[in-house]
Amino acid sequence: MDYLEFFKLKDRPFKSPLESKFFFQGWNFKQTLNRFTSTPLAELSILEGPVGVGKSSVIKRLPQALGDQFKTVPILNSTVRLGTILSEALSFLGLGHKCQASTPDESLLGFFQNEISEMIKGGLGLIVVVDEAQHLSQEALNDLMTLTKLEPSWSGKTNLTLVSPDGYQWQERGLSPQTERIIVEPLDLNQTGAYLTFKLKAAGSNKEIFSKEALLALYGRTGGLPGKIDSLAEKAMIVAWGAGKRQVSAAHIASAKAALDNPLTIAAPAVEPAAGPKHSRLRFEGRAWKSLILAMGIVALLSTMIWWLTRLRSERDLAQAQVQVQEAPIPLAPVITATPAAKAALNEGPLGLPIPPPGLLTLPHNSLALVVDHDQRMARLWLGGLSGPGLKAEIAPPDFKGTGLYLVGRPKSKSSLIFHYPPAKQILTEEATKLWLQVETMLPQDLLPLMVGSDQDLFRSPPAGLEKLLSEKVANWTRNQEYKLSQAMSLLYSSTFSFYEPGHKPLSISRKNFKTALESESRAAGDVLLTVSPPLILLDPVDGARAWAIFNLKYDSKLRHDTGLRTLIFEKSLLNNDWLIVAELWIKQDSLND
């Protein structure tokens, strides 16, 4: 029984507010909308508020809330050039078919100007909203300010809204101190109570799950910020469930806050699905009490070990302590480069502990990845920690004939799922099955990323800034899906890419056909809600111009409801040095055995 069943809920009450039935229209949201419906419309506005107050929710709901009075164009990637911004705007205005990768910026600007002029003649206004606008270059900011006032007849009927955090100094960017500011306010105590009631009712409960004391504690610890309320309220319900209580108390709120501030200090997080590529979520939650006891034991053991290590002085005692500590995961700071001396010492760090390969660009908390070193005939299982990857185990792996990146799945029938890109002529099913038998007792998940290479390949330094670049690409991929930006989405892909799904023939898809399919789906999908885990990003040890981003994905819309693991495979383009998606792997959660 998970916490939803325990509280008799049909759905997670504190999931993303971008889904219609969970969106709470409080006074702060209505007050914000009223500023947009005022006439004449200000040419420039700044929408600001603290992190978690719901600025993104306002952007998402503007088109629906403003109805037939305005067309709203959200710009969700503030780091792109003018041509891409125009393409996104035209896609929202229904002119995506006119936007091709080769279309000159001058033509895109002409399409935009003609469309807006016709809209205004027909009595419609235009609002362009730029999320995370503080990241705009000065050139892009100037271009956007010009875009919304290209013609005198547009005055009072077009608006540019810059969304930024509280206190950002726009005056230093050349904006007037008199620029209209729209502040999204946090909820007050009464509104926080109404927010909880609304969310719980939307999830199927009419009971008072949060006590009055819990409400006061929740408000005091979140300041009425919906984003913080969602995470803390859900965590508190899980803590109450673990204690067998059907009403959340102030003590549960305090414990939940401690868990969010430092997940390793208490056992509550162990009953939740961990971030990163996982597929045994229901099975994992079903063992909640065992996980609770085990996690408490591990925390106590680690605390004792750390205290003991600080008291050791001799080199011999330190070496013995390191052997003991390696039995449990230890967060280690990720190392970007390895010196020849470190390689000669079996790739060890300053304390004699192994260091993760630099190609392991990101390893989210509680995610796992296996690295096989051909030269050392050693496989190391790395676990994502708060301070970086920590070593979970070392094993002697089977002899892998191939190198590169793989995704290995729990055996179904007598063979393992194994994926490699580009597809290898020889599928290493036997090696994958042997490997899985060696590590399966250490895995709470059904899929394991695998990096195989020589010592020299594994410790090759990645290009500078690649981790940040690919993380932003995945974030843009998610936003484009959720906001149905077909043009912007298609530009993340190469001109032709491959799509793989176990049990189906691989598909080769052109960017043009992909864009057309996205536009068709977006018209019928309605609201799209994506729940995405932090991506695990790996650089191919053999081909340094290829990288994988692996993450859990839950997709909800009128058309489909999918849960599974998505892998985006990026390659560096020879033409413009951009990293584009050349292949996708989609594995549904129910396609593997428990």
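Colleague: Which residues line the largest cavity?

Modeller: Rolling a probe the size of a water molecule over the atoms shows where empty space is left. This is a predicted model, by the way. Here, N480, Q481, K484, L485, S486, M489, L518, E521, S522, A525, V528 and Y555 line the largest cavity. The volume of that cavity is about 110 Å³.

Colleague: Which element supplies the largest share of that cavity's lining?

Modeller: That would be α19, with four residues. Sort the lining of the largest cavity by class and you get six nonpolar, four polar and two charged residues.

Colleague: And how much space lies in the second largest cavity?

Modeller: About 90 Å³. β8 gives the most, with three residues. By class, the lining of the second largest cavity has seven nonpolar residues, one polar and two charged.

Colleague: How many cavities of 30 Å³ or more does the count come to?

Modeller: The count comes to eight.

Colleague: Let's turn to pockets. What volume does the second largest pocket have?

Modeller: A pocket is an open set of points, whereas a probe in a cavity cannot get out. The second largest pocket here has a volume of about 770 Å³. Its lining counts 29 residues, and T84, K473, L491, D578 and L580 lie nearest the centre of the pocket.

Colleague: Which elements give two or more residues to the lining of that pocket?

Modeller: Four helices do: α4 (82-92), α5 (105-121), α17 (466-482) and α18 (486-490). The largest share of the second largest pocket's lining, five residues, comes from α17. In terms of class, that lining holds nine nonpolar, 13 polar and seven charged residues.

Colleague: Now the helix pairs. At what angle do α7 and α8 cross?

Modeller: For a pair like this, look at the angle between the axes, then at who touches whom. Helix α7 (residues 189-202) and helix α8 (residues 212-222) cross at roughly 115°, and their axes come within 10 Å. Angles of 65 to 115 degrees count as roughly perpendicular, and α7 and α8 are therefore roughly perpendicular to each other. The crossing of α7 past α8 is right-handed.

Colleague: Which residues meet there?

Modeller: From α7, L189, T192, G193 and L196; they meet L215, L216, L218 and Y219 of α8. The contact of α7 with α8 has six nonpolar residues, two polar and no charged.

Colleague: How far apart are the axes of α9 and α10?

Modeller: They are 8 Å apart, with helix α9 (residues 226-242) and helix α10 (residues 250-261) packing at an angle of about 115°. That makes α9 roughly perpendicular to α10. α9 also passes α10 in a right-handed crossing.

Colleague: And which residues of α9 and α10 meet?

Modeller: On the α9 side you'll find S231, L232, K235, A236, V239 and A240. They meet H252, I253, S255, A256, K257, A259 and L260 in α10. Eight nonpolar, three polar and two charged residues make up the contact of α9 with α10.

Methods
Residues are numbered from 1 along each chain as its sequence is written. This is a predicted model: local features need pLDDT of at least 70, side-chain atom pairs count only at pLDDT 80 or more; totals for chains, interfaces and linings use all residues. Side-chain values use heavy atoms; hydrogens and water are left out. On a 1 Å grid over the protein atoms alone, a cavity is a set of points where a 1.4 Å probe fits but cannot get out, and a pocket is an open set with protein on both sides within 12 Å along at least five of seven lines; lining residues have an atom within 4 Å of a point. Grid points are joined across faces, edges and corners, and a volume is the space filled by probe spheres set on the points. Ala, Val, Leu, Ile, Met, Phe, Trp, Tyr, Cys and Pro count as nonpolar, Asp, Glu, Lys and Arg as charged, and the others, Gly among them, as polar. Axes are lines fitted to C-alpha atoms, for helices over the stretch in contact, and angles run from 0 to 180 degrees between N-to-C directions. Angles under 35 degrees count as roughly parallel, over 145 as roughly antiparallel, 65 to 115 as roughly perpendicular and the rest as oblique. A crossing is left-handed if the near helix is turned anticlockwise from the far one by less than a right angle, and right-handed if clockwise. Contact means heavy atoms within 4.5 Å.
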